[in-house]
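The structure comes first, then the details.

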Amino acid sequence: MKEFLISVVSSEKTWTNLSKFGFDKKLEEQRDKFDLAFVLNGYQNEAIEFISKFNPDYFFLRPNIGYDPAAVEHLLKLIPIYNTTLILHDDHWFEDSNWLEKIIELRTNNPKIDIWGNIFNSLPPNDIEKYFDDRELTILTHSNSNDFLHGLSGVYTSNAINKLKKFSFNFPLTFDKHTADLGERTFSYALKYLELSFEQFPEGIFKFLLHNESNERDHLFWTANILANKGNFREARDYFFEYLKFCEEHDFQRDYLVAFFNIAQTSFVIEDYNTAVEYAKKCLTISHNFPEAIDLINKIKEKLNV
Amino acid sequence: MKKLLISIITSEKTWTNFSKFGFDKEILRLRDQFDLSFVLNGYSNEAILFYNQFCPEYFFLRPNLGFDTASIAYLINLVPRYEHYLIMHDDHWFPNPNWIDRLYEIMNNNSDTDIFGNILMQEPMRRHGEYCQLVNLNEFSKYKDFAFLHGMSGLFNLRSIQLLKEFKVPYLLTDEKEIAFLGERLFSNILSHQGIKFSQFSEGIFNFFLHGENNYINYLFSSANVAFHQSDFIKAKDYFYKYYHHCSEKKYFQNMDSLFNNLASTHYQLGEYSEAKYIWENLIERLPNYPIPNEARILINN
């Protein structure tokens, strides 16, 4: 039994992601340095054969229901307690070739932090309280923070695993994606309740622990959102501009509308009305009747009495 | 989460046993009364699909290495807390339709016993000391217990599982069958070392908790051997003769040499020397190199 356990949550539909981003080779390269666990949602022979090549120390098979929260709870219930546990989905990966050393260094230098991951900040869904009630989790509250751990993934201490093992999430076994999102948020409220501290990897969101494709774009977009949610609109706008620039350079046209509107909105908040109008109008070039953009222009007209 | 977790150890080669003895139907019939886990040794899609039908709460996959000791150590390491655990192989079954009620009755009425199973008795194996060295448990070579828990299987309470989790049962990942038997015997030494009390299901060996086929024959033979090792020679003789008559009737000739040797020893212990001498003489006539005990040679030569 090593000091470090890497746990990968995968499914019959997504298991090829592990090789898509080359993280399969990174795992194999350093296989002697950690124990390895897989949770496979759904019974799929090709996936089982692929995963068995890594000689996992633990291989948990379960039906493909309940999305990530159910699979992670299943994992937490079953894994033994290690000094450090890294929980990943099959589309998580590290670009940095020293990823393992960096994780160990981070753990060694920050013994008081229980979990490191990608930390988002956004308002909870409206039905979060109903979810708490339905799951008999009324001990939880959503009023203490809007931070949440993306994908329930990251580096966990033994203290975190130990406390989470004893907590019953009762994640529902449904195919409803929104319920899974509620579960993801609930997990972080439980971390608060259990007094487990969770922090952003110092490199930034999707800068060290990467998720699927377009990490730079997601990094810029989510960093901007977090800054805005924390009231730092000026810096948020800078990130939205960088986000727009990145999308233009890579021709991510689908993102233009979101970027334009966020720049318009943050500009409005910091009272840079000219820029706000300019970008609100850009929204209308893409979506002629975009109501939020029209509202914003009307609000600016009122402010300027024109 | 129920009070009882039934854990079934199976493999890519043996998984069809689970339906062979009809226990699959029993599991389905009473499925709402327990949680269920499988350990599957080896990756077989057919087996995975088959077990998937039982909607197990836990399904552990591992390579098919190290026989029963490795997979049970693996299981014990991973199972969450339950009040009781029934650990079985895929060829274990209960013919009694009230088996689950009986298990709950045992759970509720026997707080002093940690494990119920089939308890066999045999001399320690020749390579016991060597195996203890191989798994870095040299101090266990001192254990010379005859009694052991067949197949490391049976009804375990939480206390026993916790103590076994703490101990971390060692195993070797080999394909050598004898290593599996050595591991099975060492497991019972570990139980004794950890202060875990294990007892026979009161119905008798292979009489409630069955294993594979020929349970009645194995029941008679094993019960006779246990009685012999417990120096209850009258009871042992009775079981050996019942076994002999049953085997003759069924034309089942496995273990017959061992039966004659043990039966002769039983007669000898009861002071019935002429019967003992007659049986040993016949055995040696057929098998001159059979390892009969010294007292048999002395008896024959006089």
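A:Phe60 has B:Phe60 as its bridge partner in strand E3 of chain B. The two E3 strands, each spanning residues 58-62, run antiparallel over two bridges. Strands pair here if DSSP finds at least two bridges between them. Helices (H or I, at least four residues) and strands (E, at least two) are DSSP runs, numbered from the N terminus.

The model is predicted: local features need pLDDT of at least 70, side-chain atom pairs count only at pLDDT 80 or more, and totals for chains, interfaces and linings use all residues. Residues are numbered from 1 along each chain as its sequence is written, and chains are lettered from A and ligands numbered from 1 in the order in which they are written.

In chain B, 13 residues are in contact (C-beta atoms, placed from the backbone, within 7 Å) with 13 residues of chain A. E3(B) gives the most to that side of chain B, five residues. Helix H3 (45-52) and helix H4 (67-78) of chain B also give two or more residues each.

Strand pairs:

| Pair | Sense | Bridges |
|---|---|---|
| E1(A) and E2(A) | parallel | seven bridges |
| E2(A) and E3(A) | parallel | five bridges |
| E3(A) and E3(B) | antiparallel | two bridges |

A:Ser7 has A:Ala37 as its bridge partner in E2(A).

Why is E2(A) largely enclosed by the rest of the structure? Five of its seven residues are buried; buried means 20 or more other C-beta atoms, placed from the backbone, within 10 Å of the residue's own.

Technical notes. Two residues are in contact if their C-beta atoms, placed from the backbone, lie within 7 Å. A residue is buried if 20 or more other C-beta atoms lie within 10 Å of its own, exposed if 12 or fewer, and partly exposed in between; C-beta atoms are placed from the backbone.
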